Amino acid sequence: MGYRLKKASAALRGAMDKALREHGLTVPQYSCLELLDERPGLSNADLARGTFVTRQSANVVLRGLKEAGLITQATSTDHGRALPVHLTTAGLERLGAARGAVYAIEERMIESIPARRLTALLADLDTMTGNLEA
């Protein structure tokens, strides 16, 4: 089971790497943009957890996104130490352009799986994740 999950993950990652390269993004950068679109104001630590990378790796990813003008980050905050991160207009535009390519890959990945089986597969994957996180 683990081998097949890893093999599927590697195939997805490879296809996403290739597609996102055309948009000047890496998979972790794209993941950060998606998370920030869904939940503006996340911190570096939140983004690291949400993209499955270490905090150090997230800092590198965020630095690249900042240098490209795709995100902004507050330099101070009224509460706590976490500095919120937000998408810029350019970040939203780049995400929109890349999103279609990523969604097309996901569609290609699942196109031959009947809807009822896909629903069951997703539920099973969630159950497996829960079993290991418990």
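**Figure 1. Phe52 in the loop between H3 and H4.** In this predicted model, Phe52 sits in the loop that lies between helices H3 and H4, where helices (H or I, at least four residues) and strands (E, at least two) are DSSP runs numbered from the N terminus. The phi angle of Phe52 is near 60 degrees, which is a positive value in a residue other than glycine. Phe52 counts as exposed because its relative accessible area is 77%; in these legends, exposed means over 50% relative accessible area, buried means under 20%, and partly exposed lies in between, using a 1.4 Å probe and protein chains only. Because the model is predicted, local features need pLDDT of at least 70 and side-chain atom pairs count only at pLDDT 80 or more, while totals for chains, interfaces and linings use all residues. Residues are numbered from 1 along each chain as its sequence is written, and side-chain values use heavy atoms, with hydrogens and water left out.

**Figure 2. Thr51 and Leu47.** Thr51 belongs to helix H3, which covers residues 44-51, and Thr51 counts as buried because its relative accessibility is 10%. A polar atom of the Thr51 side chain lies 2.7 Å from the backbone oxygen of Leu47, and a polar contact is a pair of N or O atoms within 3.5 Å, of which, within protein, one must be able to donate a hydrogen and the other to accept it, while residues adjacent in sequence count only if both atoms are side-chain atoms. When residues up to four places away in sequence are not counted, Thr51 touches Pro28, Ser31, Cys32 and Leu35, contact being defined as heavy atoms within 4.5 Å. Leu47, leaving aside its neighbours within four places in sequence, is in contact with Cys32, Leu35, Leu36, Leu42, Leu62 and Val85.

**Figure 3. Helix H2 and its surroundings.** H2 has 12 residues and reaches 17 Å from its first C-alpha to its last, close to the 16 Å expected at 1.5 Å a residue, where the expected span is 1.5 Å times one less than the number of residues in the helix. Because 9 of the 12 residues of H2 are buried, this helix is largely enclosed by the rest of the structure. Among these buried residues are Tyr30, Cys32, Leu33 and Glu34, and the buried residues of H2 pack against H1, H3, H4, strand S1 (71-73), S2 and H5.

**Figure 4. The largest nonpolar core.** This core has 24 residues, and those with the most contacts inside it are Leu20, Leu33, Leu47, Leu65 and Ile71; a nonpolar core is a set of buried Ala, Val, Leu, Ile, Met, Phe, Trp, Tyr and Cys residues joined through side-chain atoms within 4.5 Å. H1, H2, helix H4 (55-67), S2 and H5 each supply at least two residues of the core, and its largest share, 6 residues, comes from H2.

**Figure 5. Helix H5 and its bend.** H5 (residues 89-110) has 22 residues and reaches 32 Å from its first C-alpha to its last, close to the 32 Å expected at 1.5 Å a residue. At Ala98, H5 bends by about 30 degrees, the bend being the angle between axes fitted to the seven residues ending there and the seven starting there. The buried residues of H5 are Gly91, Leu95, Ala98, Val102 and Ile105, and they pack against helix H1 (2-21), helix H2 (27-38) and strand S2 (85-87).
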